[in-house]
Amino acid sequence: MGGRRLPALKLSDGEWSELKALASRRKTGQALALRARIVLACAQGAENRAVAAQLAVDKDTVGKWRRRFIEHRIDGLLDAPRSGAPRTIEDARIEAVIVKTLESTPKNATHWSSRGMAKASGLSISSVQRIWRAFGLQPHRLETFKLSTDPEFVAKVRDVVGLYVSPPEHAIVLCVDEKSQIQALDRSQPMLPMRPGQPARMSHDYKRHGTTSLFAALDIATGHVIGKCFARHRAAEFRKFLDEIEANVPHRLDVHLVMDNYATHKTPRIRNWLAKRPRWHVHLTPTSASWLNQVERFFALITERKIRRGIYRSVAALRADIRSFLEQHNADPRPFKWTKSADHILASIGRFCLRNTPFTTKRANF
């Protein structure tokens, strides 16, 4: 006697593609992926017993998901709603918490806390936290931003990014800026080293022993940095640094200089120096757009790895540490990889402007 005849299971092209995606996509839940594989195996004509052996599951499990798919198609592979305690917070109260969070502030603070919102709304602190978490609200966090108002912003972005993405031949592209007023700080008490279960610690107060300014030029192709410290950061020091660059760059190469429009960069003395050297070409970054200058990434690197935790009892010690970092960096330089095109950057800024100006009817035209 033969067994019970299995119901036919046929897939449309769309169902086949969707099930294959569910079965192979890494982010799919493993339970749903297994159900998709069961249905795909059954659709190829295999019996429940053979599918169960192939996928190392129980035969009844195969039969269950075969039936569920035949009855409800792909929706049948999803988990059925589970029983549980009914909701105790109505939609209107949830909406009131969201509106109050977004459109008001407490009398004695600049933003809501979960405890303050719980008291104002009559809900528990945990309920307020769940509502905020569900809707991605974080009143305790604050981020900063600065949009450039440079009338030539678009042209400058395209110019500078064009150098990064497609640098000219027989030329060197240097990102130049200065990290000014680096303080030589000596902590008031010795630093305590890191221990298992406890990070390194330093006192919050310090003694100042003077400042120095680091002028740096980053070669975007190699990552090599020309750097020099000066006591001040005037046009006179910037002129000396340009001489330093001139001495280090082969005369057969054109020099494309990416820098901002800082006062020390545009004095008559600097302009005359550049005018006398036709192989030098200046590319200005937009105002309030220091993120476009790659040397800022190098400044962040030296700050994080050397300066921030450094203990210096003199400016000479600070300068020696900076020179040591430059030497080690240049011994094995690695360029920073620029990945965003000008169109991508401008489109991103346009979306930011539209998203954060809901009451304007003008569209950003980049």
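Visitor: Which way do β1 and β4 run, and how many bridges join them?
Guide: Strand β1 and strand β4 (residues 254-259) run parallel, joined by five bridges. Strands here are DSSP runs of E with at least two residues, helices are runs of H or I with at least four, and both are numbered from the N terminus. Two strands pair if DSSP finds at least two bridges between them.

Visitor: Before we go on, where does the model come from?
Guide: This is a predicted model: local features need pLDDT of at least 70, side-chain atom pairs count only at pLDDT 80 or more, and totals for chains, interfaces and linings use all residues. Residues are numbered from 1 along each chain as its sequence is written, and side-chain values use heavy atoms, with hydrogens and water left out.

Visitor: OK, back to the strands. What stands opposite L174?
Guide: That's L257 in β4.

Visitor: And how does β1 pair with β2?
Guide: In the antiparallel sense, over eleven bridges, with β1 covering residues 171-187 and β2 covering residues 206-219. For instance, I182 stands opposite T212 in β2, and Q183 has T211 of β2 as its bridge partner.

Visitor: What's the strand order in the sheet?
Guide: It goes β3-β2-β1-β4-β5, an open sheet of five strands with mixed pairing. The edges are β3 (225-230) and β5 (280-284), each pairing on one side only. On average, neighbouring strands of this sheet are turned by 25 degrees against each other, direction ignored.

Visitor: How are those angles worked out?
Guide: Axes are lines fitted to C-alpha atoms, for helices over the stretch in contact, and angles run from 0 to 180 degrees between N-to-C directions.

Visitor: Which helix lies across β1, β2 and β3?
Guide: Helix α12 (residues 315-331) does, running at about 30 degrees to β2.

Visitor: Why is β1 said to be largely enclosed?
Guide: Because twelve of the 17 residues of β1 are buried, the rest of the structure largely encloses it. Buried means under 20% relative accessible area, exposed means over 50%, and partly exposed is in between (1.4 Å probe, protein chains only).

Visitor: Where do side chains point in a strand?
Guide: In a regular strand they alternate between the two faces of the sheet.

Visitor: Let's zoom in. Is E178 buried or exposed?
Guide: E178, which lies in strand β1, counts as buried at 10% relative accessibility.

Visitor: What does E178 touch?
Guide: Leaving aside neighbours within four places in sequence, E178 is in contact with L214, F215, H233, F238, Y262, T264, H265 and F299. Contact means heavy atoms within 4.5 Å.

Visitor: And how far apart are E178 and F69?
Guide: Their C-alpha atoms are separated by 66 Å, and the two residues are 109 residues apart along the chain.

Visitor: You mentioned T264. Where is it found?
Guide: T264 is in the loop between β4 and α10 (268-275). At 9% relative accessibility, T264 counts as buried. Not counting residues up to four places away in sequence, T264 touches E178, H233, R234, A235, F238 and I270.

Visitor: What about S288, what's its phi?
Guide: Near 60 degrees, a positive value in a residue other than glycine. S288 is in the loop between β5 and α11 (295-307), and is partly exposed with a relative accessible area of 36%.

Visitor: New topic: helices. At what angle do α6 and α7 pack?
Guide: Helix α6 (residues 114-121) and helix α7 (residues 125-134) pack at about 110 degrees, with their axes 8 Å apart. That makes α6 roughly perpendicular to α7. As for the words, angles under 35 degrees count as roughly parallel, over 145 as roughly antiparallel, 65 to 115 as roughly perpendicular and the rest as oblique.

Visitor: Which residues make that contact between α6 and α7?
Guide: S114, R115, M117, A118 and S121 of α6, and I125, V128, Q129 and W132 of α7.
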